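Have the sequence and the 3D view ready.

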Amino acid sequence: MKRALATAMVASGLLVLSAQPCWACTCAAQPPKALADNADVIFTGRVIEAEDPFRFSGPRVQAELAVEVLYKGQAGSEVVVETYPGGSAACGLEFVQGKRFTVFAFLNERGRLETNVCSASTSGSIDPARFGLSRGPGGVRGGPPSRPPG
């Protein structure tokens with residue numbers, strides 16, 4: 001009996017020691033038009049550079065995108081967007097260099113553009129009509145870059 005108890009205690013101790021932090025991201029369901037209404041800036045662009053969301057320990061990771069189509073708000077030809085580190089499990093986006101994304105961004109408390117998995121941002125392009133959007137006038141190629149302040 002003592003041996004079984006000792007084995008159980010050691011096994012439970014190993015489970016506690018090997019436990020990893022667990023994140024879960026849950027988004028409230030919203031109609032597409034509401035998601036677009038909540039965004040300050042919506043665009044489709046290609047990732048120029050992105051910080052690795054799994055190797056960054058700060059409060060936000062950044063990605064720089066070349067804007068191809070602007071649907072809402074104001075943006076230059078290049079935009080820096082922030083998201084949560086830890087990937088989609090922590091509600092952040094996993095931007096991949098060279099890949100196209102459509103970003104639904106809002107201005108965060110520091111005045112920077114931010115996005116997350118609950119905002120409708122997605123890899124690839126979107127059907128703008130589904131979100132009540134129209135294509136911006138010719139995109140913004142050639143405009144000045146949009147950089148975060150400071």
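Here is a look at the overall fold, its nonpolar cores and one asparagine.

This is a predicted model, so local features need pLDDT of at least 70 and side-chain atom pairs count only at pLDDT 80 or more, while totals for chains, interfaces and linings use all residues. Residues are numbered from 1 along each chain as its sequence is written, and side-chain values use heavy atoms, with hydrogens and water left out.

The protein chain has two helices and six strands (DSSP runs: H or I of at least four residues for helices, E of at least two for strands, numbered from the N terminus). From the N terminus, the order is α-α-β-β-β-β-β-β. Of its 150 residues, 37% are buried, meaning under 20% relative accessible area with a 1.4 Å probe, protein chains only.

Now for the inside. A nonpolar core is a set of buried Ala, Val, Leu, Ile, Met, Phe, Trp, Tyr and Cys residues joined through side-chain atoms within 4.5 Å. The largest one has 16 residues, and Phe43 and Leu65 are among those with the most contacts inside it.

S2 gives the largest share, four residues. Apart from this core lies another of eleven residues, including Leu35 and Ile126.

Finally, where does Asn116 sit? Asn116 is in the loop between strand S5 (113-114) and strand S6 (122-123). Asn116 is buried, at 13% relative accessible area.

Note on methods: Buried < 20%, exposed > 50% of the residue type's maximum accessible area, 1.4 Å probe, protein only.
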